[in-house]
Amino acid sequence: MKRIIKEVAVLGSGVMGSRIAAHFANIGCEVYLLDIIPKELTEKEKSKGLTLNDKFVRNRIVDDNFKNILKSKPASFYLKSFSSRVTTGNFDDNLDWLKNADWIVEVVIENIDIKKNLFEKVEEYRKTGSLITSNTSGIPIHTMLEERSEDFQKHFCGVHFFNPPRYLQLMEVIPSPKTDQNVIDFLMHYGDLFLGKTTVLCKDTPAFIANRIGLFSIMAVFKLMTEMKLKIKEIDSLTGPLTGKPKSATFRTADVVGLDTLVHVAKNIYKDCPDDESREIFKIPDYVEKLVENNWLGDKTGQGFYKKSKDEKGKRLILELNTDTFEYQPSDKPKFSSVTMAKQFDDLKERLKVLTFSKDKAGEFLRKLFFMIFQYSSNRIPEISDEIYKIDDAMRAGFGWELGPFETWDAIGFEKSIKVMEEENLKPAQWVYDMLEKGFTSFYNVEGAERQFYDVSSKSYKEIPGKSGFIILDNLRASKPVWKNGGATLHDIGDGVVNLEFRTKMNSVGSEILEGINKSIEIAEKDFKGLVIANNGQNFSVGANLAMMFMLAAEQEYEEIDLVVRQFKNTTMRIRYSDIPVVVAPHTLTLGGGCEICLHADKIEASAETYIGLVEVGVGIIPAGGGTKEMTLRASDSYAKDAIELPELQWRFLNIAQANVSTSAHEAFDMDLFKYGRDNIVVNPHRAIAQAKKSVIDIADRGYTQPIRRDDIKVLGRSALSVMLLGAFSFHTANYISDHDKKIVEKLAYAMCGGDLSESTLVSEQYLLDLEREAFLSLIGEKKTLERIQSILTTGKPLRN
């Protein structure tokens, strides 16, 4: 049976339900969002003479919740206009809508009786064969099926999204013994391809996989903090990005999630897992119990492990809780010698090795924490999963870890770790020793560009299933690259296509990447069908190498800067005018120079979560790689479509002048950074490179001809320039922008209007590139610009001077 999802009903409109509804709307589904009706009127409703029978009142709960989602940040919708795909209603009046729904998602309160009563009503209205899933985070799936029909039971499954569902990639699929295998297969596939999720098939065990391991890691931190007398801020400095975890680390994450929620899940695990050998760790520490008693639950109550405050000058402060005195105090900057040493390594795996086996307090803490997690994870095989890769997938996708437990274990050294774990009285499960005895010295292995995992039951390596649609560049490291330098690697990804991977810090664009692009095109023109520019890093590219520019400008090496700028422009034009198709697959941050690389590609296969923009004005300069040229060109192309000329140029100019960044790939289309009818969006970022490869092959096989260089770009000259200069003058006079901002905007306007021409004129790309270069060079040596760049390099924030 071919199953197509067009209409989705979400039952329950709380934070999670509304966000799940938003994500289904994001991918084009029509969504019904339903909730209970109010039991009494508000004072405002009484004053208006409304009754409990009025539709406005009956939909108040669902409508209020939906309005909150529309205002929430980060945004739940790719575009606000997608909210029109959601229709709100209530359980009493609108359950008949379920007869149209292809998938019914239950997201009501975690109460088995309430869920079962709702499912009884659902059964009355749902159409035969429709999917029914529960977003429960812990109620056993099979317990919800009592008295349900055979068709209901066959099509029922647990599907657990993580909050916020647009951004967190994990989707746990938890079948009951009666769930049809075709339904399971469909949910795994649909979650991956359409919803963009890492789908993990789970057993119906307490807290499933991610929350079971994730909560253990949090409770282990609580235990170690008390034992080692560490401070909250000290621990968060160790359990965040330094070790491949999210910025919120441990205690900030607890505040965001809510301590009441954390305590609820921990108590359930303690209650439901009597045979767990580490059960006692899920007992709530006294200081956490006291926080809950005080109603200091985190962000939802304004204070938890941290509290926002202001000093006497009104400056914002973040205070941390002293768990001994229960008073909030300013945080001291944590200082650990091992951390200083580890920060010298950009590679996470190298940092982990340094930290784990360091002798200071930070090393001792991390070593104990890692080993506790390794032991616990090994003991959960086969209880919560038969395969190790599912645990790693769940922790990466659900908790934002860069490496899962077994991947971390491999990174710091499998054999070496076991010996030290024994010394710490944290021996792993017996199957780990069996594995070692068989001669396996790592949990993962790469063979023929395919990643394999150690399978406990067969005691052999097996290929990880479900990854055939992915191209993971890390899996190609064992093979000899086509070409490489210190900042870029060119991989053969098969079928006549090569992929250029950026390898610099934060994938910033410098001389090595520019050399890599030029060399890759040269090689591809000679021996391959085409080129993909993509990487599996946290970001596609944060833009130009500011440190290099700052050094050259500070030393007044303007001829060298001019050379670099010319090289950058020549490189982006080489992307545009080569003999082979070049497809770029951006994801997450794609800023400045990274954006300009995209602007000159033959096609873009963007991850849905692509945040792209020309942000150079914030640094005190204008784009230097053809960004202003390209947006002027695109404005000119719109004139031919009977658009009013000045507004078309002006909004593109403002996007650059305000350093606007798209909040999604969809918004990038509206900003004209991506082209409708040419570029695509890939919801699952793991599929983007493979999709880009397909596009290269498709373009090449249809016959690719190098484009003709443009000399027909209409610039508006003085008529547009005067309007933009007046705008800059007005903003400056009103003190909205500084003297330096005014100068930057004037230079930008001059470049995008084609200079001070007396009338509209047709010009070439090179003409606009020269204007852009001259404007850039005039700004880079300014004292104010250097101050801004230095501020970004030292604090991560631009100086508003």
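The model is predicted.

The sheet in question is open and has eight strands. Their order is β3-β2-β1-β4-β5-β6-β7-β8, and the pairing is mixed. The edges are taken by β3 (86–90) and β8 (198–201). Each of these has a single partner strand, so one side of each lacks a neighbour in the sheet. From one strand to the next, the twist averages 25 degrees. Within this sheet, β5 (residues 131–134) and β6 (residues 156–161) run parallel and are joined by three bridges. Here I132 stands opposite F156 in β6.

Another open sheet is built from three strands, in the order β9-β10-β11. Its pairing is antiparallel. Strands β9 (306–310) and β11 (327–330) stand at the edges. Because β9 and β11 each have a single partner strand, one side of each is left without a neighbour in the sheet. The twist here averages 45 degrees from one strand to the next. Four bridges link β10 (residues 316–322) with β11 in the antiparallel sense. N322 has E327 of β11 as its bridge partner.

Key:
Residues numbered from 1 in each chain as written. Predicted model: local features only at pLDDT ≥ 70, side-chain atom pairs only at ≥ 80, totals over all residues. Heavy atoms only, no water. Pairing = 2+ DSSP bridges. Helix = DSSP H or I, 4+ residues; strand = E, 2+ residues; numbered from the N terminus. Axes fitted to C-alpha atoms, helices over the stretch in contact; angles between N-to-C directions.
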